[in-house]
Amino acid sequence: MNTEKLIQAIHKIAEKMEAEKDFLTELDNVIGDGDHGINLARGFGEVEKKLSDLAEKEPSDVLKSVGMTLVSTVGGASGPLYGTGFMKLGMSLKGKAEIGMPDFLEAFQAAIEGIQARGKSTKGEKTMLDAMIPAKEAMQESWGGTQDVKAAFAAGVKAAYDGVEYTKTIAATKGRASYLGERSIGHQDPGATSFTMMLEIIGGMA
């Protein structure tokens, strides 16, 4: 993936966040602050305003710009977490004009570690990590066995969706949702859901 395709993918993510903002916010109404979709749609709306100025930049610069914009414009927990993730992606890909699957997997791991550190969380706590970590593991395994980009992303997206379903079965222990304790069981995590939407778009562009 080069800068042109990356910008196209980010544009599609912005469209998706706008289209799904009510759904994501409704998920967050039940177990969070009730602003996840609204905040992400607004943040990616601000990102879109900057994309035309990034057409001649490296992919790493595009991703870092996305991250910084999300941190500065998205409220709640999702801004700092997604912002950190995108900035870590960018930092990992510095100097690369084309993003190959090994590059992406390495950067994806860096993003996960950044989000874990920022949120002081890990898998099994009803957060976006419950989709991210299984997706990364599934993509790594698929790529190692097939060297097929489409197959690797398909495996990652399936694992992410399975992760979203898993979040329905556990109680939240992080963020506002943790105040509900056992009452959060039965509800899917909004962050895991929005991440899975993003990964599906990126996979479709790969």
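Entry 1. In these notes I take contact to mean heavy atoms within 4.5 Å. I record that the model I examined is predicted.

Entry 2. I looked up S78 and found it in helix α5, which spans residues 78-92. Is S78 buried or exposed? I noted a relative accessible area of 8% for S78, so S78 is buried, the cut-off for that word being under 20%.

Entry 3. I turned to the largest nonpolar core, which has 51 residues. Which of its residues touch the most other members? I found these to be F44, F86, F195 and L199. I also noted that helix α6, residues 101-119, gives the most to this core, with 8 residues. For background, I recall that nonpolar side chains tend to be buried together in soluble globular proteins.

Entry 4. With its neighbours within four places in sequence left aside, F86 is in contact with F44, L63, K64, V66, G67, L70 and M198.

Entry 5. I examined helix α1 (residues 3-19) and helix α9 (residues 190-205), whose axes come within 9 Å and cross at roughly 145°. I recorded the crossing of α1 and α9 as right-handed. On the α1 side, I listed K5, Q8, A9, K12, I13, K16 and M17 as making the contact. On the α9 side, I listed S194, M197, M198, I201, I202 and M205. I sorted the residues of this contact into 8 nonpolar, 2 polar and 3 charged.

Terms used. Residues numbered from 1 in each chain as written. Predicted model: local features only at pLDDT ≥ 70, side-chain atom pairs only at ≥ 80, totals over all residues. Heavy atoms only, no water. Helix = DSSP H or I, 4+ residues; strand = E, 2+ residues; numbered from the N terminus. Buried < 20%, exposed > 50% of the residue type's maximum accessible area, 1.4 Å probe, protein only. Core = buried A, V, L, I, M, F, W, Y, C linked by side-chain atoms within 4.5 Å. Axes fitted to C-alpha atoms, helices over the stretch in contact; angles between N-to-C directions. Left-handed = near helix turned anticlockwise from the far one by under 90°. Nonpolar A, V, L, I, M, F, W, Y, C, P; charged D, E, K, R; others polar.
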